[in-house]
Amino acid sequence: MNARVAVVGAGLAGCEAAWQIARRGLSVELVEMKPGKRSPAHVSDDFAELVCSNSFRGAELTSAVGLLKAEMRALGGLIISCADDTALPAGGALAVDRERFAALVTERIRSHPLIETSSREAADIPEGNVIFATGPLTSDALAARLRGLFPGSEFLSFYDAAAPIVTHESVDMARAYLASRYGKGDADYINCPMDESEYGAFWDELARAEQAETHGFDDGGVFEGCMPIEVMARRGRDTMRYGPMKPVGLRDPRTGATPYAVVQLRRDNAEGTLYNIVGFQTHLKFAEQKRVFSMIPALHEAEFARYGVMHRNTYINSPALLDRRYRLRSDPRIGFAGQITGVEGYVESAASGMLAGIETARALLGQPPADFPRETAIGALALYVSGGSVGEFQPMNVNFGIIEPLDHKVKGKRNKNLEISSRSLEIIGAMRV
Ligand SMILES: Cc1cc2nc3c(=O)[nH]c(=O)nc-3n(C[C@H](O)[C@H](O)[C@H](O)COP(=O)(O)OP(=O)(O)OC[C@H]3O[C@@H](n4cnc5c(N)ncnc54)[C@H](O)[C@@H]3O)c2cc1C
């Protein structure tokens with residue numbers, strides 16, 4: 001096959017980009033370095049591996065990430081379709097069985113007649129059209145090559161962390177209860193309550209616990225949306241109680257009372273044998289994770305299937321480099337997609353791959369650009385990343401703040417968000433892309 005476009009990296013963004021190009025009738029070579037070479041966070045041989053949480057976050061149209069997913073459904077997205085097909089019960093969120101999800105994406109990609117997959121590390125810039133979707137852990141050789149492409153300091157990085165996973169059978173259910181916040185959806189989370197003295201002792205140990213070595217890492221280099229729990233603890237005694245350990249809406253059905261603090265566990269696989277400690281991304285030494293997290297009463301015997309880890313996150317200075325189609329302004333044959341552009345999160349990465357794939361295919365087919373407008377979440381994210389940010393560029397989750405506001409007042413945030421969402425879905429429905 002004589003591929004018209006090369007896509008480098010078969011993660012969430014690369015798979016979606018390749019899919020969008022192929023479904024428009026163009027051939028694609030999808031280059032992935034696994035299994036020959038892996039980043040420190042990737043363990044599976046499949047494409048579209050979820051390296052930490054198994055959640056695609058809020059499912060409702062009252063949240064911007066819920067809207068972004070609805071847009072991707074309307075646009076025929078591969079990643080969202082595989083997520084829907086492998087979804088697990090998770091209250092108001094979309095969570096998936098990570099292994100079934102990645103296996104399904106891999107199977108659909110491999111069986112597409114216009115997608116050829118190559119297993120090798122790309123270390124150079126190919127001739128012709130290319131989309132780099134190599135993620136936050138882009139291999140060193142390619143990172144060095146890309147750094148050479150950009151003048152000045154247009155290549156950035158920060159640190160990102162993953163939460164530990166415990167086995168279900170090791171959770172002491174006599175000291176935990178099932179509930180979803182405010183009773184939304186089914187009672188899908190295991191809640192591990194703490195009283196005030198248990199919380200105080202836990203906080204004290206966590207704030208002083210020993211961190212693993214990472215060259216160049218300090219609290220200042222942390223992305224606020226993925227802050228290690230110990231960094232949060234060091235910010236103040238109650239910071240965690242207003243963050244991942246927030247008890248509101250999680251009344252204990254056995255006592256009828258709201259606990260002082262709650263640690264939530266979210267199911268991580270279809271069998272329900274593994275649970276993620278929600279919001280507990282961490283960079284503590286493994287022995288310290290075991291010692292301190294075992295102070296959570298329901299986790300006193302916890303078996304850790306995977307400890308939390310912290311990794312470098314690499315991205316380019318997109319506002320200075322990219323256009324709204326995620327292509328280099330200086331050389332539009334070269335595009336980028338996913339976390340390397342500075343979008344943050346699974347859904348955002350897949351969405352940017354979708355937009356990059358659609359626009360690349362349209363350009364090659366001689367069609368006018370789609371140019372998704374700021375009224376849509378997918379368009380607003382691309383416009384933000386390619387120029388909407390001011391000051392130092394920081395990775396960005398989708399949110400209503402970057403979407404074009406309504407031209408009239410609507411009472412209540414929920415109603416306003418629903419109206420923004422229906423406006424966007426109407427626009428996308430009429431776009432024919
Ligand atoms: C430790 C950690 C924890 C995270 N936790 C979360 C989370 O809980 N929730 C969330 O929403 N986001 C999380 N993220 C962010 C997450 O990585 C992104 O949201 C998402 O995976 C990015 O998708 P992507 O397609 O851009 O990159 P990836 O999914 O990382 O895919 C990139 C692919 O490119 C391949 N590759 C790299 N270099 C080369 C090369 N030179 N040649 C060929 N192939 C190459 C890699 O092997 C990989 O398969 C986390 C990131 C890290 C590092």
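What follows is a walk through this chain, from its overall build down to its sheet and its core.

Keep in mind that this is a predicted model, in which local features need pLDDT of at least 70 and side-chain atom pairs count only at pLDDT 80 or more, while totals for chains, interfaces and linings use all residues. Residue numbers start from 1 along each chain as its sequence is written.

Let's begin with the whole thing. The chain has 12 helices and 17 strands, taken as DSSP runs (H or I of at least four residues for helices, E of at least two for strands) and numbered from the N terminus. Its radius of gyration is 22 Å, close to the 22 Å that the globule rule gives for 433 residues, so the chain is as compact as a globular protein of that length. That radius is taken over C-alpha atoms, and the rule is 2.2 Å times the number of residues to the power 0.38. Along the principal axes, the C-alpha trace spans about 65 × 50 × 45 Å. Take the contacts between residues at least 6 apart in sequence: 72% of them join residues at least 24 apart. A contact here puts two C-beta atoms, placed from the backbone, within 7 Å.

The chain splits into domain 1 (5-156 + 315-431) and domain 2 (165-308), with bounds from an automatic or database domain assignment. Their C-alpha centres sit 30 Å apart. Domain 1 puts 17 residues into the contact and domain 2 puts in 16. On the domain 1 side, helix 4 (residues 98-110) supplies the largest share, three residues.

Six strands form an open sheet in the order 6-2-1-7-17-16, with mixed pairing. Strand 6 (115-119) and strand 16 are at the edges with a single partner strand each, so one side of each has no neighbour in the sheet. To count as paired, two strands need at least two DSSP bridges between them. Strand 7 (residues 129-132) runs parallel to strand 17 (residues 331-336) over three bridges, and Phe132 has Phe336 as its bridge partner there. Strand 16 (residues 327-328) pairs with strand 17 in the antiparallel sense over two bridges, and a hairpin of two residues joins them. Leu328 is bridged to Asp331, while Arg327 stands opposite Gly335.

Finally, the core. The largest nonpolar core holds 131 residues, and Cys15, Ala18 and Val105 touch the most other members. Such a core is a set of buried Ala, Val, Leu, Ile, Met, Phe, Trp, Tyr and Cys residues joined through C-beta atoms within 7 Å. Helix 10 (residues 346-364) gives the largest share, nine residues. Both domain 1 and domain 2 contribute residues, so this core lies between them. Leaving out residues up to four places away in sequence, Cys15 touches Ala10, Phe47, Ala48, Leu78, Ile79, Val105 and Ile109.

Helix 10 itself is mostly covered, with 16 of its 19 residues buried. At 1.5 Å a residue its 19 residues should span 27 Å, and the end C-alpha atoms are 27 Å apart, which agrees; the expected span is 1.5 Å times one less than the number of residues. After helix 10 comes Gly366, whose phi is positive, near 75°.

Methods
Buried ≥ 20, exposed ≤ 12 C-beta atoms within 10 Å, placed from the backbone.
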